[in-house]
Amino acid sequence: MRVQLRRPRVPDVPAYRAYRPSPASLLHVSNAISYLSLVFGAMAIATAQSGAPHLAGALLAAAAVADTFDGKFARRFARTPRQARAGGDLDSLVDACVFGMAPVGVMSALAPPVGGVAGLLWWLAAACYLIAVVTRLTFFNLEENPLAFVGVPTPAIALIWSSLLLVRPGAGVATITFAACAVAMVAPLPIPRPRPAGLALFAAWGAAAMVLHVLRAP
């Protein structure tokens, strides 16, 4: 019996050429706050490296507050289904950068790991923290629970780092905080989604952190 292999379907070349998507097609004003949060995260690392801990802390708090309201801002604009889906993906990518990489960059500049076992533990805790951030964001995208979060959300973690920078922690405290935050983000801990009053309190926490950092800046 002769088996005839099916040839792969060749796409319609003229139709494909007529549809030329590009990354630029996803640039949309509805994502402005997400992009702003990304810039805040990069600036936090840069200011920490220049020896300005309070400015770095204020920027992390600003990024957390911006992330809280970026979805509400985006929904005010007319978007195609593709643009809406891209906005959700973009939000998670920005969160991974701002709430994952930025705190590690900030603390490596302001509370750098020491040598020996302590330094190894610092980097191990930081690695676990990064893994927990991206794992939690992936879980969030998969589950999309409308009633509750599972594990501590990453913007709250950013405000923890911002608040901690008010006292300029050392390497040991940074190691413990990395480990504790990593556990908190992936723990099977249901946290009800905040109502408007809860969001207002969260925004007030971020605003208070920003004000305190500005007041303490030289």
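So, about 50 Å³ of space lies in the largest cavity of this protein. Before I go on, keep in mind that this is a predicted model. How do you look for a space like that? Rolling a probe the size of a water molecule over the atoms shows where empty space is left.

And how many cavities of 30 Å³ or more turn up here? The count comes to one.

Okay, who sits around the largest cavity? The lining is made of Arg136, Phe139, Phe140, Glu143, Glu144, Asn145, Ala148, Phe149, Val150 and Arg193. Sort those residues by type and you get five nonpolar, one polar and four charged. In terms of elements, α5, which covers 116-143, and β1, which covers 148-150, each give at least two residues to that lining. The largest share is from α5, with four residues.

Now let's move over to helix α8, residues 196-216. This helix has 21 residues, and from first C-alpha to last it reaches 30 Å, close to the 30 Å expected at 1.5 Å a residue.

Which residues of α8 are buried? They are Leu199, Phe202, Ala203, Gly206, Ala209 and His213. Looking down the axis of α8, these buried residues fall within an arc of 115°, so they line one face of the helix.

Technical notes:
Residues numbered from 1 in each chain as written. Predicted model: local features only at pLDDT ≥ 70, side-chain atom pairs only at ≥ 80, totals over all residues. Heavy atoms only, no water. 1 Å grid on protein atoms, 1.4 Å probe; cavity = no way out; pocket = protein on both sides within 12 Å on 5 of 7 lines; lining within 4 Å. Points joined across faces, edges and corners; volume = space filled by probe spheres on them. Nonpolar A, V, L, I, M, F, W, Y, C, P; charged D, E, K, R; others polar. Expected span 1.5 Å × (residues − 1). Buried < 20%, exposed > 50% of the residue type's maximum accessible area, 1.4 Å probe, protein only. Arc of directions from axis to C-beta.
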